[in-house]
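Here is a colleague's note for someone meeting this model for the first time. Please keep the sequence and the structure open while reading the numbered points.

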Amino acid sequence: MNTAVVSGERDVVEDLSSGFENVPVLIEKSSAVLTSPEFQYSPDNVEGPGCIIDPSEVTLPGCSCPSHSCCPETCSCLQTHGQVYGGDGKLLDLRQTDSGYCSPVFECNALCTCSDSCSNRVVQRGLRHRLQVYSTENRGWGVRTLESIPHGTFVCEYAGEVISFEEARRRQLTQRSEENNYIIAVREHAGADSVTETFVDPAVVGNVGRFLNHSCLPNLFMLPVRVHSVVPRLALFAGRDIDAQDELTFDYSGGYSNKTPVELPSKLSNRADALQRKVCHCGANNCTQFLPLDLSILS
């Protein structure tokens, strides 16, 4: 597990990831007036309290493709799960960005015999675009891109501790009103009575994704992507062409459209009376005025 400790001092940190990402994650020097939160940087999910499956454990079967890059005609991974990326690494089907639901993605993994440059290996390659953590006008820390990002391109993961529902609920109920809630809940429906839940919290251990702000009109959307493990990686893709210097945001309720975020059947939302709703400052025309109580997506 690659991790680096980030101090809470006011000194300017040039690379937030301390070299554990392919591309440095910069912090704007003028943002030193904000105290960087003390957390452990990890580009990957890590096992947290209540997690019954180690996210780093290889639990998925691999293909036996001898070629440089897999093709649907012969690759067992693509035949089983479908082809989701083009040769340029961008998503082929972008229609799901207009829905509150999405389909899971399976990439080739450590047991596959194809090369590391296979077109079905995207999220596992990590960051490819230069990102910068900076001080926003009224929303604390935020993340912007220092280069243009085409529609459908992988941007970053929302990585952190994978925890149980009980631990997620405990952390939320003990959270103070002035503290940020980083926990995201992913619910995947495989049938009428089959629901798989994954809870990720980057508050203590996480990556650049923990600094992404909410927007009711975001430019990123989230997909659960499985690589080596049945535990999904929470990958964020560009929902449209994004210009350099644009702030990167996603909808904490899991949607990506101009519509009001869908109402989520979240058991964690039972804490609504216990926590004060936080005002949304995204400034979008369709702003719902309050941040969602839970960071959740449905698939």
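Is D116 buried or exposed?

1. D116 is exposed, with a relative accessible area of 65%, where exposed stands for over 50% relative accessible area, buried for under 20% and partly exposed for what lies in between, computed with a 1.4 Å probe on protein chains only. D116 sits in the loop between β5 (105-106) and β6 (131-135); helices (H or I, at least four residues) and strands (E, at least two) are DSSP runs numbered from the N terminus. Although D116 and S69 are 47 residues apart in sequence, their C-alpha atoms are 8.6 Å apart in space.

2. A word on the basis of these values: this is a predicted model, in which local features need pLDDT of at least 70 and side-chain atom pairs count only at pLDDT 80 or more, while totals for chains, interfaces and linings use all residues. Residues are numbered from 1 along each chain as its sequence is written, and side-chain values use heavy atoms, with hydrogens and water left out.

3. Turning to charged pairs, a search of the whole structure gives eleven salt bridges, each being a side-chain nitrogen of Lys or Arg within 4 Å of a carboxyl oxygen of Asp or Glu. One of them joins the side chains of R233 and E157, at 3.3 Å from N to O. This pair links distant parts of the chain, since R233 belongs to strand β14 (residues 233-238) and E157 to strand β8 (residues 154-157), 76 residues apart. R233 counts as buried at 16% relative accessibility, and E157 is buried as well, at 6%.

4. The salt bridge of E197 with R187 has its closest N and O atoms 3.1 Å apart. It connects distant parts of the chain, with E197 in strand β11 (residues 194-206) and R187 in strand β10 (residues 184-191), ten residues apart. E197 is partly exposed, with a relative accessible area of 30%, whereas R187 is buried, at 4%. Elsewhere, salt bridges that share partners join E161, E167, R170, R171 and D201 into one network.

5. How many disulfides does a search of the whole structure find? The search finds zero, a disulfide being counted when a pair of cysteine sulfur atoms lies within 2.5 Å. For C70, the closest cysteine sulfur is that of C114, and the 3.6 Å between the two is too far for a bond. C70 is buried, with a relative accessible area of 7%, and C51 is also buried, at 15%.

6. Strand β15 (residues 247-250) deserves a separate look. In a regular strand the side chains alternate between the two faces of the sheet. In β15 both faces are covered, with E247 and T249 on one side and L248 and F250 on the other, all of them buried. Strand β7 (residues 141-145) pairs with β15 in the antiparallel sense over two bridges, and R144 stands opposite E247; strands are taken to pair if DSSP finds at least two bridges between them. Strand β12 (residues 213-214) runs parallel to β15 and is joined to it by two bridges, with H214 opposite F250.

7. Finally, which residues lie nearest the centre of the second largest pocket? They are T196, E197, T198, V230 and P232, out of 24 lining residues. The largest share of the lining, six residues, comes from β11, and β9 (160-163), β10 and β11 each supply at least two residues. A pocket here is an open set of points on a 1 Å grid over the protein atoms alone, where a 1.4 Å probe fits, with protein on both sides within 12 Å along at least five of seven lines, and lining residues have an atom within 4 Å of a point.
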